[in-house]
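Colleague: I am new to this model and would like to know what stands behind the words used for it. Please take me through them.

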Amino acid sequence: MRPKLVVGNWKMNGSRANNATLLAGIVEGLGQGKAQAAVCVPAPYLQQCADTLAGSELAWGAQDVSIHASGAYTGEVAASMLSDFGCRYVIVGHSERRAYHGETDQQVAQKAVAALNAGLTPIVCVGETLDQREAGQTNVVVNKQLSAVLELLDGAAVQRIVVAYEPVWAIGTGKTATPAMAQEVHAELRSQLRARSLDAGEKVAILYGGSMKPDNAAELMAQADIDGGLIGGAALKAADFLAIINAA
Ligand code: PEP
């Protein structure tokens, strides 16, 4: 059985003072041996995470990474720098990066490779827009997004990624995919992984993201192919984030 993983995506939220309260609240409430948990924070707060969370059960990570290893790329952050700050995870291809920064499937794939090369676990986000869902294109869209990543990885590397299915219409909107809708796409993604590598099909965690909250988390994560959650808004309150972790 795959262990459950719950990851908070803080997006561009936080301050040193608020983070200190939030991180302390999460660490204090984390039970032993339950789901694995992590927070993906804005890059300036990685040092604060390293200082606060080292030795705790809560892992941390970033929300984006450069495709380049180093050099003249102003504003970019290299995967090796994230490793330097103790990150375990980095989100790649979040729909906000695809929509507002024009990230292509190929760039997302290169980011996943950069992360793996630095020993990080990339959380590869895929998901359809409402128009694409209504046009019956959901599987085509997510298969294409994931296959760009799979094409660049060998079987062993595929086993080291995490996938997050995040329907774009459900992110930050309060609209959640029903457990059945989400499970259908997760099963599709799992068979795509399995076709690439049987082991990857069994081992890779596929998280659901999109308005996951304490009151819908248990039912979503009870689905056979939903291995946890990528949580936006509800990750900013310790009580809500802990309730989701406990529901896993
Ligand atoms: C996200 O940004 O990855 C996300 C799932 O956000 P929310 O939980 O707020 O919908």
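Colleague: What makes glutamate 103 and lysine 111 buried or exposed?

Modeller: Both glutamate 103 and lysine 111 are buried. Buried means under 20% relative accessible area, exposed over 50% and partly exposed in between, with a 1.4 Å probe and protein chains only. This is a predicted model, in which local features need pLDDT of at least 70 and side-chain atom pairs count only at pLDDT 80 or more, while totals for chains, interfaces and linings use all residues. Residues are numbered from 1 along each chain as its sequence is written, and side-chain values use heavy atoms, with hydrogens and water left out.

Colleague: Why is the contact of glutamate 103 with lysine 111 called a salt bridge?

Modeller: A salt bridge is a side-chain nitrogen of Lys or Arg within 4 Å of a carboxyl oxygen of Asp or Glu. The closest N and O atoms of glutamate 103 and lysine 111 are 2.7 Å apart, so the pair qualifies. The structure holds 13 salt bridges.

Colleague: Why is aspartate 105 called buried and lysine 144 exposed?

Modeller: Aspartate 105 has 12% relative accessibility, so it counts as buried. Lysine 144 has 54%, so it counts as exposed. Their side chains meet in a salt bridge, 3.0 Å from N to O. This pair links distant parts of the chain, with aspartate 105 in helix α5 (residues 105-117) and lysine 144 in helix α7 (residues 138-151), 39 residues apart. Helices (H or I, at least four residues) and strands (E, at least two) are DSSP runs, numbered from the N terminus.

Colleague: How do you know that aspartate 227 and arginine 190 are buried?

Modeller: Aspartate 227 has a relative accessible area of 2%, and arginine 190 has one of 1%. Salt bridges that share partners join Arg2, Arg190, Asp225 and Asp227 into one network.

Colleague: What makes strand β5 largely enclosed by the rest of the structure?

Modeller: Six of the six residues of β5 (residues 121-126) are buried, so the strand is largely enclosed. Thr121, Ile123 and Cys125 point one way, and Pro122, Val124 and Val126 the other.

Colleague: Why do you say that β4 and β5 pair?

Modeller: Two strands pair if DSSP finds at least two bridges between them. Strand β4 (residues 89-92) and β5 have four bridges, so they pair, in the parallel sense. Valine 90 stands opposite proline 122 in β5. Four bridges also join β5 to strand β6 (residues 162-165), and these two run parallel. Valine 126 stands opposite tyrosine 165 in β6.
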